[in-house]
Amino acid sequence: MRTLVLGGIRSGKSAYAESLVASDGPVRYLATATAPQTGDPDWTSRITTHRERRPSGWVTVETTDPAAELRAHPGSPTLLDDLGGWLTGHLDSTGGWETEHLDLRPQFDDLCAAVSGVSGDLVLVSSEVGLGLVAPTPVGRRYQDLLGELNSAVAAVCDRVVLLVAGRVLEMSDNGAPTPHRAPDVVHASAVSPVEASPPQSSTATSGTDEQTVASNGHRIGAEPIVYGDEPAGAASVVPTFGPVTPPSREHADAARDRQTRLTKPAGSLGRLEEISVWAASCQRTDPPAPFTAPTVVVFAGDHGVARRGVSAYPPEVTAQMVANIVAGGAAVNVFAEQTGATVRVEDLGVDAETPEAVRRFKVRHSSGDLRTEDALSADETARAVTAGRDIADDLIDSGVDLLIAGDMGIGNTTPAAVLIGTITDNEPVVVVGRGTGIDDATWIRKTAAIRDGMRRARPHVGDPQRLLQTVAGADIAAMAGFLAQAAARATPVILDGVVVGAAALVADALAPGARDWWLAGHLSAEPAHRIALDRLDLTPVLELSMRLGEGSGALTALPIVQSAVAALSRMATFDGAGVSTAGVTAADATTASH
């Protein structure tokens with residue numbers, strides 16, 4: 001549990017904070033304030049009072065770098081008192097008091113990342129500057145502004161925020177409005193020993209725990225996952241490794257390019273279709289390539305805890321309803337698949353409802369955690385989700401599927417997708433946020449804030465694919481990453497869909513380096529993060545139609561173009577075969593000529 005205790009001077013915030021971490025074991029007390037070298041009897045007396053009332057078993061660490069201390073002992077019960085002292089020390093040491101437009105966001109982000117990584121109980125203390133008078137001096141106002149910004153950033157990564165006013169404890173709800181503690185604790189600032197307090201239990205499962213919470217529809221979020229196969233629950237804790245990815249055949253790619261120059265058309269006249277046919281030939285390791293006869297789209301479905309925070313135009317219940325619609329054959333993915341001769345398979349990895357047995361064989365859990373404040377998955381759930389994606393790919397490839405398409409279904413899933421893409425590509429939240437299901441401006445603001453909070457928690461894990469998926473992805477996206485990685489390891493081409501699939505692809509390419517060579521980007525989504533993801537993967541989309549539906553719809557729309565490209569390379573006559581003369585036509589002429 002990470003708790004931020006706010007209050008004014010002499011409000012009793014420190015004594016109350018000390019009561020929250022009282023335990024039988026040792027507590028690390030991170031003290032950020034030190035007695036000034038110039039001497040200040042009153043200040044020295046305050047520090048002495050704080051020291052004397054701490055239990056003898058506590059370990060006091062005077063530090064100017066609390067982030068480093070938190071990272072060094074992430075599992076220890078810790079009290080950090082206080083943020084204002086750390087900020088003051090930083091301004092003193094850097095001469096920041098005289099800097100008019102001081103940007104401490106890197107330092108704030110670093111501290112918040114360290115707070116997010118703590119697995120033990122952590123209580124942070126800070127002064128609430130927003131309720132006092134505006135400071136009469138520029139230096140005072142600068143301090144208030146910076147501490148207010150720091151408090152907001154830390155609150156976003158804490159599970160609980162309380163405000164002490166006149167010794168009384170007010171719980172701060174998610175919408176920012178204070179709600180009185182059921183039995184307000186009166187905390188006297190002069191207390192020498194920690195007061196007894198019984199803070200209410202958080203309604204949200206904390207990071208790194210197995211707590212369960214009940215959603216408004218009655219389903220348990222974070223409930224015991226359904227076990228698939230013969231593997232017992234809890235057996236998997238490490239994401240499976242993927243065999244070395246052998247790249248598509250360069251030899252067959254060269255042969256396909258050579259054949260393109262001998263077909264009865266000016267060289268290059270079919271534009272991008274020629275590149276697609278070369279990709280298909282290199283993936284199939286045949287020249288010319290054969291038509292894809294068993295394309296299959298897998299729709300990975302799952303709910304996300306952040307969706308209950310107003311980041312979508314639709315309620316989370318729509319996910320289960322759309323899964324049923326896909327099963328019944330009434331969704332866009334079904335219509336497009338019928339038109340293109342593809343098979344549709346939907347897999348429930350984390351839908352927050354009971355779905356038909358046929359689609360929940362690989363289900364990991366009901367919904368994911370709220371990525372703003374807690375891990376989306378446990379380590380075990382992450383491993384099981386990636387393993388599920390790998391097994392789904394193996395099942396289809398072993399059955400004869402020769403072209404895979406990844407699709408998605410989940411209300412609010414563009415939020416974790418944007419978090420992943422923004423984190424991996426080092427972009428700001430406002431750059432990667434999109435309109436998703438067609439949200440209005442107020443929802444866009446909430447979504448941007450959620451992406452910001454998720455990215456703050458995800459940044460420390462950018463180099464660890466498993467931890468990144470665990471922190472902010474969800475079972476559906478984690479499974480999709482395993483699916484894409486395994487398809488590449490099994491030398492099976494994939495057409496990617498939109499932004500959610502793009503986010504999974506970025507992680508999959510980290511799990512199985514070189515996997516991207518086996519993928520074709522079906523289209524460019526209207527979501528801004530999708531272009532960023534494709535640029536990082538060095539993939540050029542086949543279509544750009546402003547689509548943002550998901551389900552695999554964009555990839556299926558591109559499938560006929562892929563089939564046409566393959567057909568042209570494999571079935572068109574050559575100049576020699578058709579008896580068509582090329583006399584007098586130079587390479588340059590052939591490139592620019594038209595029929």
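The backbone nitrogen of Val333 sits 3.1 Å from a polar atom of the Glu551 side chain, a polar contact in the sense used here (a pair of N or O atoms within 3.5 Å; within protein, one must be able to donate a hydrogen and the other to accept it, and residues adjacent in sequence count only if both atoms are side-chain atoms). The model is a predicted one, with local features needing pLDDT of at least 70 and side-chain atom pairs counting only at pLDDT 80 or more, while totals for chains, interfaces and linings use all residues. Residues are numbered from 1 along each chain as its sequence is written, and side-chain values use heavy atoms, with hydrogens and water left out.

Glu551 is the residue that UniProt lists for "active site", in an unreviewed entry; such positions are given in the numbering used here, feature names are shortened, and annotations may be inferred rather than shown by experiment. Glu551 falls in the loop between α18 (528-537) and α19 (553-571). Helices (H or I, at least four residues) and strands (E, at least two) are DSSP runs, numbered from the N terminus. With a relative accessible area of 3%, Glu551 counts as buried, the labels being buried under 20%, exposed over 50% and partly exposed in between (1.4 Å probe, protein chains only). Leaving aside residues up to four places away in sequence, Glu551 touches a set of residues including Val297, Val299, Met322, Asp408 and Asp497, where contact means heavy atoms within 4.5 Å.

Another loop residue, Arg365, belongs to the stretch between β12 (343-350) and α11 (379-398). Arg365 is buried too, at a relative accessible area of 8%. Its side chain has a polar contact of 2.8 Å with that of Glu381, and a polar atom of the Arg365 side chain lies 3.3 Å from the backbone oxygen of Ala376.

On to the sheet: five strands make an open arrangement in the order β12-β11-β13-β14-β15, with parallel pairing. The edges are β12 and β15 (519-521), each pairing on one side only, and neighbouring strands are turned by 25° against each other on average, direction ignored. Pairing requires at least two bridges found by DSSP; β14 (residues 494-496) and β15 have three, in the parallel sense, with Val494 opposite Trp519. Helix α11 lies across β11 (295-302), β12 and β13 (403-409), at about 160° to β12. Helix α16 (residues 475-489) also packs on the sheet, touching β11, β12, β13, β14 and β15, and its direction makes about 170° with that of β13. Axes here are lines fitted to C-alpha atoms, for helices over the stretch in contact, and angles run from 0 to 180 degrees between N-to-C directions.

Elsewhere, strand β2 (residues 28-31) points Arg28 and Leu30 one way and Tyr29 and Ala31 the other, all of them buried. β2 pairs in the parallel sense over four bridges with β3 (residues 59-62), where Arg28 faces Val59. Four parallel bridges also link β2 to β4 (residues 78-81), and there Arg28 stands opposite Thr78.

As for the whole chain, 21 helices and 15 strands make up the secondary structure, and 53% of the 595 residues count as buried. Of the contacts with a separation of 6 or more, 74% come from residues 24 or more positions apart.
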